[in-house]
Amino acid sequence: THSTTDPASIWVVVNKQHPLDPLTWAPDDLVAVGGLRLRAEAAAALQEMLDAAAADGVRIGLRTGYRSYDQQAAVRADLERRRGYAHAEQYSARPGFSEHQTGLALDVDSPTQPGCALRLCFADTVEGRWVAARAGEFGYLIRYTDDNSEVTGFGGEPWHLRYVGVELVQHLTENGLTTLEEAFGVTGGASYPDG
């Protein structure tokens, strides 16, 4: 239904083997929601998800959404400086290889347990459990898990959500798939084309 290579597609696969083309691509339909920017369709779905969570008494914190090529370069450089190159390779995409640059990905947070920000313990928070159980209803999937890291190339990030639409989330669920790579037969893995 949608392209896996066109950066404007909601099904675009961006990973260590498949960068955006061009590397500096930027969406033209970014809108603000909850203090961050996402593409319009993803933003509308996020607002619905936030409203549903609030109706259940859960307030999902928002950390970051769209990041430009230059912003991703700065985030990556900062992580390399603080934690080293090897850590950055496992947990932070190089600029041009980041889902955040598509405007379809965001990182969520736990207001009830702020110590779990960008940490695996986010999965065990009230917000993390709600997201794991309900995000798919709004077209979002948890993109990186410990179980799929060999395919995606990234370590588990229970806070990193990727918008793909309800139709594709249903397809993944019905077929026992957890990655876009498996769904579309696209290569992935832990290394970049240049190693």
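**View 1. Arg 143 and Glu 181 form a salt bridge, with their closest N and O atoms 2.8 Å apart.** Here a salt bridge is a side-chain nitrogen of Lys or Arg within 4 Å of a carboxyl oxygen of Asp or Glu. The pair links distant parts of the chain, 38 residues apart: Arg 143 sits in strand S5 (residues 140-144) and Glu 181 in helix H7 (residues 180-184). Helices (H or I, at least four residues) and strands (E, at least two) are DSSP runs, numbered from the N terminus. Both Arg 143 and Glu 181 are buried; that word means under 20% relative accessible area, while exposed means over 50% and partly exposed is in between (1.4 Å probe, protein chains only).

A quick note before moving on: this is a predicted model, where local features need pLDDT of at least 70 and side-chain atom pairs count only at pLDDT 80 or more, while totals for chains, interfaces and linings use all residues. Residues are numbered from 1 along each chain as its sequence is written, and side-chain values use heavy atoms, with hydrogens and water left out.

**View 2. Arg 162 and Glu 99 make a salt bridge, the closest N and O atoms being 2.9 Å apart.** Arg 162 belongs to strand S6 (residues 157-163) and Glu 99 to the loop between H3 and S4, so this pair ties together parts that lie 63 residues apart in sequence. Arg 162 and Glu 99 are both buried.

**View 3. Glu 89 pairs with Arg 94 in a salt bridge, with 3.1 Å between the closest N and O atoms.** Glu 89 is buried, at a relative accessible area of 11%, and Arg 94 is buried too, at 16%. The salt-bridge count comes to 13.

**View 4. His 100 is found in the loop between helix H3 (85-91) and strand S4 (105-109).** With 4% relative accessibility, His 100 counts as buried. Its side chain joins that of Asp 107 through a polar contact of 3.3 Å. That term covers a pair of N or O atoms within 3.5 Å; within protein, one must be able to donate a hydrogen and the other to accept it, and residues adjacent in sequence count only if both atoms are side-chain atoms.

**View 5. Leu 118 has a positive phi of about 55 degrees, although it is not a glycine.** Most residues other than glycine have a negative phi. Look for Leu 118 in the loop between S4 and helix H4 (126-134); it is partly exposed, with a relative accessible area of 40%.
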